[in-house]
Amino acid sequence: MKSTPLFFVFIGSISYGMPAPLMKLANIPGGQTGGVIFFVFVFSAILLNGLMLIRKNKKTHLHRKELLKTISSGIPLALTTSLYFISLNYISVSVAVVMLMQSVWITQLIDWLVFRKKIPLQNGISSILIFPGTILATNMFSNQQTVSLTGLILSFLAAISYALTIQVTGRIRTDIPPLQKATFLCSGACIIAATLWFHSIRSDYLLHQMYWGAIISLFAIVVPAITFSAGMPKISPGTGAIITSLELPCAILFSWILLGETITWSVFSGVTMILIAVISGATPYKK
């Protein structure tokens, strides 16, 4: 069925909206972020490597240099997840996920500055629309709400790291099956995350950290890796970008359901503007 690939990508996008609210719940006892991040990547690497071993599909053979390059591409992924989750200690889920969406225009800026790619007018306009949407969604200049500068900086650094993740993964060999690529990336990210956060494992909260790490790993990495590997190759990049942008409203919706975070008209208007910007930038332009 033609709609099956769209359904898989849709499920993966919804899954991406869950990790931030779950991390907020995991941090209720306090001081849990680093340990949970450690187990998120450990469980993800174990599950994805297990899935790749049991799958009968043909795998691409990589030479040592290519394998090291692919695995090292997981470094920005580990940094993105770490910075994003740490920012949740200072700001709400809605603000954090809106800041993460800045990766849309940062990715295009990198293309222009580093790779000298011309930015199409349509994409340039959509990127500009993100700025007023961000101001509305974060209530950045509102006198009624003080937004943590530390949280904004951390989440913005996560957006930069995510843009780098997009750039790096987009330049890996295209003939590598999506699940195999996701497994190598996650394995590389696991090495970095383990190095950064091994010291955060606490014996008095070990089961707590393992429990939330296992749950978050499913929604943050495992489910998206499986669904995107099944659906993304069968749909256009523009359509994929539009569907994956559903992560933004889903994260805010789940934060409202699970955490009771308030969704104001300002947040709703800002998120709507950002979604319009992403969709307009991803929709093919016909003269």
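## Close-up views of a predicted model

**View 1. Ser15 and the residues around it.** Setting aside neighbours within four places in sequence, Ser15 is in contact with Leu218, Phe219, Val223 and Pro224.

**View 2. Helix α2, mostly under cover.** Next up is helix α2, which runs over residues 19-26. Six of its eight residues are buried, so the helix is mostly covered. Which ones are the buried residues of α2? They are Pro19, Ala20, Pro21, Leu22, Met23 and Ala26. Met23 turns up again in the next view, as a member of the largest nonpolar core.

**View 3. Inside the largest nonpolar core.** This core holds 55 residues. The members that touch the most others are Met23, Phe41, Tyr84, Ile216, Leu248 and Val271. Which helix gives the most to this core? That's helix α3 (residues 33-54), with nine residues. Zoom in on Leu248 and, leaving out neighbours within four places in sequence, you'll find it in contact with Val97, Val98, Met101, Val271, Ile274 and Leu275. Another core, of seven residues, lies apart from the largest one; Trp105, Ile106, Ile110 and Ile130 are among its members.

**View 4. Rings that pair up.** How many aromatic pairs does a search of the whole structure find? There are eight. One is formed by Phe38 and Phe39, an edge-to-face pair at 5.0 Å centre to centre, with 85° between the planes. Both of these phenylalanines are buried. Tyr84 and Phe85 make a stacked pair instead, at 5.9 Å centre to centre and 25° between the planes. Tyr84 and Phe85 are buried too. Ring pairs also link Phe38 and Phe39 with Phe43 and Phe198 in a cluster.

View 5. For the protein, the mean pLDDT is 82, and 88% of the residues reach 70 or more. Which elements have the lowest and the highest mean pLDDT? Helix α12 (residues 237-244) has the lowest, at 65, while helix α5 (residues 75-87) has the highest, at 92.

Note on methods
Residues numbered from 1 in each chain as written. Predicted model: local features only at pLDDT ≥ 70, side-chain atom pairs only at ≥ 80, totals over all residues. Heavy atoms only, no water. Core = buried A, V, L, I, M, F, W, Y, C linked by side-chain atoms within 4.5 Å. Buried < 20%, exposed > 50% of the residue type's maximum accessible area, 1.4 Å probe, protein only. Helix = DSSP H or I, 4+ residues; strand = E, 2+ residues; numbered from the N terminus. Contact = heavy atoms within 4.5 Å. Phe/Tyr/Trp six-rings, centres within 6.5 Å; stacked < 30°, edge-to-face > 60°. pLDDT = per-residue confidence, 0-100.
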